[in-house]
Amino acid sequence: MNRPCKELKRIARENLSGHYGIPMGALLAEAVISLLAILPFSLLQQEKQTIFQTIIFYAAYFLVALLTSVLAVGLMKLHLSMARKQPYEISMIFYGFKNQPDRFILTALLLMLAVAVSLLPAIAGTVVFVLLDISAATVTALVLLSITSLILLVFLGLQYALSFFLVLEHQDMNALQALHTSRELTKGHRGQLLYIFLSFTGLHLLSLLSLGIGSLWVAPYQSQTFAGFYLDVIGEIPETASPKPDGSAYPTFNQYV
């Protein structure tokens, strides 16, 4: 990959300029569908409920998380189409349900498993903190194990960040192959990917001050930048690309297969 974060974000802004409507609508549709799916179970929540009721709620929450992951694939499809200057529409959020959804669900399950593994040190630290007397040693252990979990979470997240893009683009690629390919593709680029995510921190904080309304602009901007990162890594240069600052052209790559 040759393009810096600043260039990828510039391309994302150009792609979105005057075209925010559909990405915003798709984002809202995804949020509303997820909310409506979990709402009936949330309304059944009570202050005092049986273990069975609690299990049902969390099982439903888990299923909704899988539903949301398939919708997220459709959102990625939309942003890839925008980046490639191809036709796109709000209905693309349902793309995952029409094209082998089992592959996307399995990918989501594997990523959830990676998250669970990342959280094991923090869980262990919490158990030690609760079971033993509160002391400098137990507090230190909890802090160190929590930091370990955070590092693992970030590391695995960067490794497998392209998994959904890959399983979306290659119908013959299964979930395990997508995770493996993502790990290979992101080698040497994880620092840049982390920088891209961190560069949106300020905008997300401003969105919180606007009661989340600002996310309607920030989320599509971040998604479009992320799509540009993926296209750059696989060697597909967005059409809106401009010359390097020194006036020379970026090299032409063949699309990853």
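Reader: In which helix is the place of valine 115?

Author: Helices here are DSSP runs (H or I, at least four residues; strands are E, at least two), numbered from the N terminus. By that numbering, valine 115 has its place in helix α5.

Reader: Thanks! And what should I keep in mind about the model itself?

Author: This is a predicted model, where local features need pLDDT of at least 70 and side-chain atom pairs count only at pLDDT 80 or more, while totals for chains, interfaces and linings use all residues. Residues are numbered from 1 along each chain as its sequence is written, and side-chain values use heavy atoms, with hydrogens and water left out.

Reader: Is valine 115 buried, partly exposed or exposed?

Author: Buried means under 20% relative accessible area, exposed over 50%, and partly exposed in between (1.4 Å probe, protein chains only). Valine 115 has a relative accessible area of 37%, so the term for this residue is partly exposed.

Reader: How many salt bridges are there?

Author: A salt bridge is a side-chain nitrogen of Lys or Arg within 4 Å of a carboxyl oxygen of Asp or Glu. One of them joins lysine 187 and glutamate 184, with the closest N and O atoms 3.4 Å apart. By this rule the count is 6.

Reader: Why are arginine 10 and glutamate 14 separated by about one helical turn?

Author: These two form a salt bridge, with their closest N and O atoms 2.1 Å apart. Arginine 10 counts as buried at 19% relative accessibility, whereas glutamate 14 is partly exposed at 39%. They are about one helical turn from each other because both sit in helix α1 (residues 5-16), 4 residues apart.

Reader: How many residues apart in sequence are the parts that arginine 84 and glutamate 236 tie together?

Author: Arginine 84 counts as buried at 12% relative accessibility, and so does glutamate 236 at 16%. Their side chains meet in a salt bridge (2.8 Å, N to O). Since arginine 84 lies in the loop between α3 (51-83) and α4 (95-98) and glutamate 236 in the segment after α11 (215-233), the parts tied together are 152 residues apart in sequence.
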